[in-house]
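Me: I'd like to learn how to read a two-chain model, feature by feature. Could you walk me through this one?

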Amino acid sequence: MSFIRVVYVLWLRQLKRYFRSKPRMIGSLGQPLLFLLALGFGFGPIFQKAGGGDYLQFLTPGIISMGILFTSTFTGIEVIWDKQFGFLKETLVAPVSRFAIMFGRTLGGATIAMAQGGIILLLSMIFGFRPMSILMMLPAILVMGLVAIIFTALGTAMASRMEDMHGFQLIVNFLIMPIFFMSGALFPLEGLPSAVITITKLNPLAYGVDALRFFLIGTSHFGILLDLSVLMILSFVFMALGSYLFSKMEA
Amino acid sequence: MGPIIEVKNLQKHFGSIKAVDGISFSVKKGEVFAFLGPNGAGKSTTIKMLTTMLKATAGELRIAGHNPSIDPNGARSNFGIVFQDPSLDDELTAKENLLFHGALYDIKKGLLNERMEKLLKVVELWDRKNDLVKQFSGGMKRRLEIARGLLHHPKILFLDEPTIGLDPQTRHHIWNHILELNKSEGITIFFTTHYMEEAEHVADRVAVIDHGRIITIGTTKELLKRTKKKDLESAFIALTGKGIREEEGSFIQNMRLRRRVMRR
């Protein structure tokens, strides 16, 4: 019973913190929208001429993944703030399992990121995105949840090994950005050089983007079964890694 | 019945620095125990090891019979702590901070609400219970931290410089409440402070630590007798010398300091 209660309060705390910080909400929605509009309308005509079809349709699942990637990694890394401002100690001296703490945090961060993905999806529909079926939006939301869990857990794992926020820019530039650009979020994977394809195949986000395309616009590069298997396995792996590293933290 | 806190030859090394260099002592159940020492003497490091936040380099520890390095959750369920540094969530209200704590320690809803009201009244924050902590002054935050530490009525309460930055009225008020809990529920109190008259006033026994070693331990009377001084402050200075200590500030402490300054 106490396990559920602990997970619940930690989940609730993440949500409260997010919804109380309006600049953060606006900021984390603004960036994906900017990408969607600038790239969507900017590259649209070329994409069409090259025979790729409607670029906005193609791009939207990629931008949703982008929003989730950024928000979930950052909420994971927030552990560092808790460490710096002391709150982490409050949770670390409590007689509850480290896993419950990590799990509640991760679910909270993932819920926020998933909700954000949903909001970007709705907003993109205002700008002309048309999902192939309303019903298929439900499994799409589930995919968003899996992607969110993977990257929140990854963020927590990284933060557990960091002393302070100095490494933050490093992570953004050398991990988050490459993951985003090499995920096929912006361009189709068909016909790319094999080196690029290999990198993409090692990128967890690529499977998230691909699964979202499958449920939202009906195309898939890897095949939905592979996508879902990879995403589910990785959620477990990253959760395990995150809880292990988190449990090793000393306040 | 054995002692509730038992420490034997406890050591903590950070590289070549011996922050705690083989200390031994024990605290009886229901005792009010003061742990005194100049800055950087090893007080906080010892508290961190007692409260499972740091692993000891060597030595033996028992918290209510539990070894913190083998059974941390066993030890954790027996103590509460008021930290020296801030540890509240600024983005939550006073009430939410307490509810969060109540959930971590699995206090039943009815009991939790009852104690929350009582404690918030003791620290005079009941009217502000729904305000975000970031709007609080330093003293108010301190009072809220103390209220939170008392919420789950632990067997042992660790207080690391609990009354730092509080006015005499509030100090008096809070100590009265703590001593009342000590009497009515038999809660063992283990505290550090730089206010010698505070230690003299409330502690059953006092330990003085310096350079990671315990210099002396006993009742205030015994200490005064040994040093031939009239009050604990003179005794303390006689024992630890007059030199001023440098405390090495970690990056985190500097960050907090900077943040506090920026708030003003």
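**Reading the model together**

Reply: Happy to. In chain A, residues 24 or more positions apart account for 82% of the contacts with a separation of 6 or more. Keep in mind throughout that this is a predicted model.

Me: What is the count for chain B, among contacts between residues at least 6 apart in sequence?

Reply: There, 69% join residues at least 24 apart.

Me: Next, secondary structure. How many helices and strands does chain A have?

Reply: Chain A has eleven helices and zero strands. Its pattern along the sequence is therefore written α-α-α-α-α-α-α-α-α-α-α. Chain B, by contrast, comes to ten helices and nine strands.

Me: What share of the residues counts as buried in chain A, and what share in chain B?

Reply: In chain A, 48% of the 251 residues count as buried. In chain B, 41% of the 264 residues do.

Me: How should I read a single helix?

Reply: Begin with the general idea: an α-helix has 3.6 residues a turn, so residues three or four places apart point the same way. Now take helix α3 of chain A, residues 55-77. This helix has 23 residues and reaches 33 Å from its first C-alpha to its last, close to the 33 Å expected at 1.5 Å a residue.

Me: Let's move to strands. How do I follow the pairing?

Reply: In chain B, β1 (residues 5-14) and β2 (residues 17-27) pair in the antiparallel sense over eight bridges. Within that pairing, B:Val7 has B:Phe25 as its bridge partner. Two residues lie between the strands of this hairpin, and B:Gly15 takes a positive phi near 65° there. β1(B) also pairs with β4(B), residues 58-63, in the antiparallel sense over five bridges. B:Glu6 stands opposite B:Arg62 in β4(B).

Me: What is the strand order in the open sheet of six strands?

Reply: The order is β5-β6-β7-β3-β8-β9 in chain B, with mixed pairing. β5 (79-82) and β9 (213-218) stand at the edges with a single partner strand each, so one side of each is left without a neighbour in the sheet. From one strand to the next, the twist averages 15°. As a parallel example, β6 (residues 156-160) and β7 (residues 188-192) of chain B are joined by five bridges. B:Leu157 has B:Ile189 in β7(B) as its bridge partner.

Me: Which helix packs on this sheet, and which strands does it touch?

Reply: Helix α1(B), residues 43-50, touches β3 (32-36), β6, β7 and β8 (205-210) of chain B, and its direction makes about 150° with that of β6(B). Helix α8(B), residues 220-227, lies across β8 and β9 of chain B, at about 110° to β9(B).

Me: Finally, how do I read the place where the chains meet?

Reply: Count the residues in contact, then ask which elements supply them. Here 23 residues of chain A are in contact with 24 residues of chain B. On the chain A side, the elements that give two or more residues are α1 (2-20) and α5 (87-92). α1(A) gives the largest share, eight residues. By class, that side has ten nonpolar, four polar and nine charged residues.

Definitions and conventions: Residues are numbered from 1 along each chain as its sequence is written. Chains are lettered from A and ligands numbered from 1 in the order in which they are written. This is a predicted model: local features need pLDDT of at least 70, side-chain atom pairs count only at pLDDT 80 or more; totals for chains, interfaces and linings use all residues. Two strands pair if DSSP finds at least two bridges between them. Helices (H or I, at least four residues) and strands (E, at least two) are DSSP runs, numbered from the N terminus. The expected span of a helix is 1.5 Å times one less than its number of residues. Axes are lines fitted to C-alpha atoms, for helices over the stretch in contact, and angles run from 0 to 180 degrees between N-to-C directions. Two residues are in contact if their C-beta atoms, placed from the backbone, lie within 7 Å. A residue is buried if 20 or more other C-beta atoms lie within 10 Å of its own, exposed if 12 or fewer, and partly exposed in between; C-beta atoms are placed from the backbone. Ala, Val, Leu, Ile, Met, Phe, Trp, Tyr, Cys and Pro count as nonpolar, Asp, Glu, Lys and Arg as charged, and the others, Gly among them, as polar.
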